[in-house]
Amino acid sequence: MAKKKMKLIRFDWAMKRMLRDKANFVVLEGFLSVLLNEKIKIKSILSSQSNKEDEDDKYNDVDVLVTNSVGEYIIIEVQNTKQHDYFHRILYGASKVITEYIDEGEAYKNVKKVISITIAYFDLGQGEDYVYQGTTVFKGLHKGDILKLSSRQRELYNKSKVHEIYPEYWIIKAGLFDEEQVNDKLDEWIYFLKTGVVLEEFTADGLNEAKEKLDKLKLSPEERKEYDAYVERLRKLASTQLTEIEDIKHLIKKKVTEAEQKKEIETVLGLVKIGLEREKIAEALSISLERVNQIIDEYKNG
């Protein structure tokens with residue numbers, strides 16, 4: 001029996017237009033609560049970047065910066081196109097938030113925790129998993145122990161471990177998720193992030209609200225037109241990237257073929273110079289006698 005499913009608005013477009021509304025915070029709160037394994041309450045959405053609407057928007061990436069109820073900053077970014085220096089971009093984004101949201105003259109203890117979440121629709125880095133978490137841990141070079149906070153520092157920072165002070169990074173490679181393997185509530189969310197579909201049996205926080213608030217049928221005619229244009233831009237972008245990849249593959253194959261042919265010609269001519277018979281050359285190189293004759297004749301005529 002086929003599973004009942006509901007096709008919803010893409011998460012990245014919803015972040016652009018709908019999830020910034022306080023009435024819709026519950027959807028983002030559900031996603032964050034499931035990912036971070038703690039109850040997240042969004043206090044406000046502070047800013048967003050890279051949210052161009054024009055046809056020349058090359059990357060179609062989306063990000064939002066929110067604060068939660070304990071004053072931490074959370075960056076959520078959806079990236080649709082491959083960038084080889086994307087790890088530096090993640091680092092820059094977290095660092096920029098730290099420096100922008102502390103006043104001059106404030107004590108360092110007032111630096112807020114930053115959590116950076118990337119939802120990538122390309123293979124970012126090399127790894128077998130589809131969800132990665134990165135934290136800062138200080139490990140002893142000789143003893144192998146993990147550096148801890150002193151009792152005074154735990155009181156000062158209101159944290160129990162060193163890594164809780166530093167930025168925390170999450171990478172979700174949604175494009176590589178196998179939708180046939182949904183094993184937990186986080187997988188339910190990633191299934192939605194990849195497919196835009198919420199199955200009837202899904203129970204993860206925020207998804208029930210997503211079904212209500214991100215229903216395509218509830219879009220106004222103008223919103224539907226803008227949404228369809230956005231999706232079409234993504235299709236064109238994907239097509240362009242695929243064409244570029246195929247062109248690069250073709251060029252590499254051509255260069256390899258040219259290099260192999262050059263080596264073959266050099267080998268044949270070298271064996272001719274030492275007096276080896278043409279039939280023996282063809283046999284030794286596993287090529288036809290006609291090919292050997294062609295190379296020799298072209299060299300003589302050239």
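Modeller: Buried means under 20% relative accessible area, exposed over 50% and partly exposed in between (1.4 Å probe, protein chains only). This is a predicted model, where local features need pLDDT of at least 70, side-chain atom pairs count only at pLDDT 80 or more, and totals for chains, interfaces and linings use all residues. Residues are numbered from 1 along each chain as its sequence is written, and side-chain values use heavy atoms, with hydrogens and water left out.

Colleague: OK, α3 then. Which residues are buried there?

Modeller: The buried residues of α3 include Y86, I90, A94 and V97. Seen down the axis of α3, the buried residues fall within an arc of 90° (taken from the directions from the helix axis to the C-beta atoms), so they line one face of the helix.

Colleague: And which residues are exposed on the other side of α3?

Modeller: H88, Y92 and T99 are exposed on the other side of α3. Helices here are DSSP runs (H or I, at least four residues), strands are too (E, at least two), and both are numbered from the N terminus.

Colleague: How far apart are the end C-alpha atoms of α3?

Modeller: The end C-alpha atoms of α3, residues 86-100, are 21 Å apart. With 15 residues at 1.5 Å a residue, α3 should span 21 Å, so the two values agree. The expected span is 1.5 Å times one less than the number of residues.

Colleague: Next, α2. How many residues does it have, and how far does it reach?

Modeller: Helix α2 has 12 residues, 25-36, and reaches 16 Å from its first C-alpha to its last. That is close to the 16 Å expected at 1.5 Å a residue.

Colleague: Is α2 mostly covered or mostly open?

Modeller: It is mostly covered, with 11 of the 12 residues of α2 buried. Among the buried residues of α2 are F25, L28, F31, L32 and L35. E29, G30 and S33 in α2 are buried as well.

Colleague: What follows α2?

Modeller: N37 follows α2, and the phi of N37 is positive, near 60°.

Colleague: Change of topic. How many aromatic pairs are there?

Modeller: The count comes to 11 aromatic pairs. Rings of Phe, Tyr and Trp (its six-membered ring) pair if their centres lie within 6.5 Å; planes under 30 degrees apart are stacked, over 60 edge-to-face, and the rest tilted.

Colleague: What kind of pair do F11 and W189 make?

Modeller: Their ring centres are 5.9 Å apart and their planes stand at 75°, so F11 and W189 are an edge-to-face pair. F11 lies in helix α1 (residues 11-17) and W189 in helix α5 (residues 185-195), so the pair ties together parts that are 178 residues apart in sequence.

Colleague: Are F11 and W189 buried or exposed?

Modeller: F11 and W189 are both buried.

Colleague: What about Y130 and F177?

Modeller: The rings of Y130 and F177 have centres 5.1 Å apart and planes at 65°, so this pair is edge-to-face. Y130 sits in the loop between β5 (114-120) and β6 (131-134), and F177 in the loop between β7 (168-173) and α5, so the pair ties together parts that are 47 residues apart in sequence.

Colleague: How exposed is Y130? And what is the relative accessible area of F177?

Modeller: Y130 is partly exposed, at a relative accessible area of 22%. F177 is buried, at 1%.

Colleague: Last one. Which residues do ring pairs link with F11 into a cluster?

Modeller: Ring pairs link F11 with F31, W189 and F192 into a cluster. F31 is one of the buried residues of α2.
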